[in-house]
Amino acid sequence: MAKPSVLVTRRWPSVVEQKLAEHYDVALNRSDRPLSSADFKEAIAKYDAVLPTVTDKISAEALDVPKARTKILANYGVGFTHIDVSAAARRGIAITNTPDVLSECTADLAMTLMLMVARRAGDGERELRAGQWTGWRPTHLMGTKVSGKVLGIVGFGRIGQEMARRAHHGFGMHILVYNRSPVDPAILARYNARQIATLEELLPLCDFVSLHCPGGAENRNMINSARLDLMKEDAFLINTARGEVINETALAQALMFNTIGGAALDVFDGEPRLHPMLAQCDNLVMLPHLGSATREAREAMGFRVLDNLNDFFAGSAPRDRVA
Ligand code: 8YV
């Protein structure tokens, strides 16, 4: 029997590309350029499986291909709000993702951002590189202590819990949780965490707020100007989830008028485009979507896609089927 044909939409770690090629008739994207919507439509007509990432916006229109051949979108990444799930379901196309294997690295990066913004690491590095460091002094670049403070975690899934583990057991932080469904008390107990019913109640209590919820239409602008106003004026906002969860104009205004202490972002609305006001905010740390960017996580994500494909084409249920 012919091997199923598979399109990998971006460059993946080479060990995974090699493994994929052993099992499937694989088309690789050696140039690593994002696919256009025309390329994508062609792919849906041509390949048994398409392996997209967050840079592939898969709308109902993109899936509207008369003779679609694709039976599975095996996404590389845990977040899949770039895919129109109901349009895929209507066409009988399965969707899988890659949870678990990136949770630790993404939480590590959220900690990195929290420490960087609180301890003014970006300011310090910019000063050094500009040759402007005049030497040690007691009042130089004083930041904010992280240890022992109150951390609000918005979205208490796998990554949110890894964040809680680091912050509570490593930094003695007090953990408050906002989650759309009730969290098992046994899970909260691991981090001595308390679930708060609404964001309106949570935000005024926190020294740091870290976002770990899904993106998509449902959570677009969840952090808007009214909610930013509820944060303490010296509190920090961290986002390693999805850019659209924050209204970036409102955030830039809060940063410019110092109504919050600062923010640190790994994800942006409409990335890689950067909201022009954000670039002007000094109390902001920014990284280019590096949450899962370690060799270990990126290889594991690839192998997890391979597991999902193997199950699917063997006729069994892929462990990470999300739709
Ligand atoms: C990925 C991510 O790098 O998995 C996710 O949802 O945000 C990142 O870890 C990227 O989205 C790959 O699609």
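Modeller: Gladly; here is a short talk about terms and the values behind them.

Modeller: This is a predicted model, in which local features need pLDDT of at least 70 and side-chain atom pairs count only at pLDDT 80 or more, while totals for chains, interfaces and linings use all residues. Residues are numbered from 1 along each chain as its sequence is written, and side-chain values use heavy atoms, with hydrogens and water left out.

Biologist: Thanks! Why is Thr96 called buried?

Modeller: Buried means under 20% relative accessible area, exposed means over 50%, and partly exposed is in between (1.4 Å probe, protein chains only). Thr96 has a relative accessible area of 0%, so Thr96 is buried. Thr96 sits in strand β5 (residues 94–96); strands are DSSP runs of E with at least two residues, helices are runs of H or I with at least four, and both are numbered from the N terminus.

Biologist: What is Thr96 in contact with, leaving aside its neighbours within four places in sequence?

Modeller: Contact means heavy atoms within 4.5 Å. With those neighbours left aside, the partners of Thr96 include Ile72, Asn308, Pro318 and Arg321.

Biologist: And why does Glu17 count as buried?

Modeller: Its relative accessibility is 5%, which is under 20%, so Glu17 counts as buried. Glu17 belongs to helix α1 (residues 14–23). Beyond the neighbours within four places in sequence, Glu17 is in contact with Arg10, Arg11, Trp12 and Leu28.

Biologist: How do you know how many disulfides there are?

Modeller: The rule asks for a pair of cysteine sulfur atoms within 2.5 Å, and by this rule the count is zero. Take Cys213: the nearest cysteine sulfur, that of Cys206, is 14 Å away, so Cys213 is in no disulfide. Cys213 is buried, with a relative accessible area of 9%.

Biologist: What makes a set of residues a nonpolar core?

Modeller: The members are buried Ala, Val, Leu, Ile, Met, Phe, Trp, Tyr and Cys residues, joined through side-chain atoms within 4.5 Å. The largest such core here has 33 residues, and Val154, Leu202 and Leu237 are among those with the most contacts inside it. Helix α11 gives the largest share of this core, five residues. Apart from this core lies another, of 29 residues, including Ala110 and Phe236.

Biologist: Which residues are around the ligand?

Modeller: A residue is near a molecule if one of its heavy atoms lies within 4 Å of it. Around the ligand are residues including Thr53, Tyr76, Val78, Arg242 and His289.

Biologist: Last one: why is Asp32 called partly exposed?

Modeller: The relative accessible area of Asp32 is 29%, between 20% and 50%, so Asp32 is partly exposed. Asp32 has a positive phi of about 65° although it is not a glycine.
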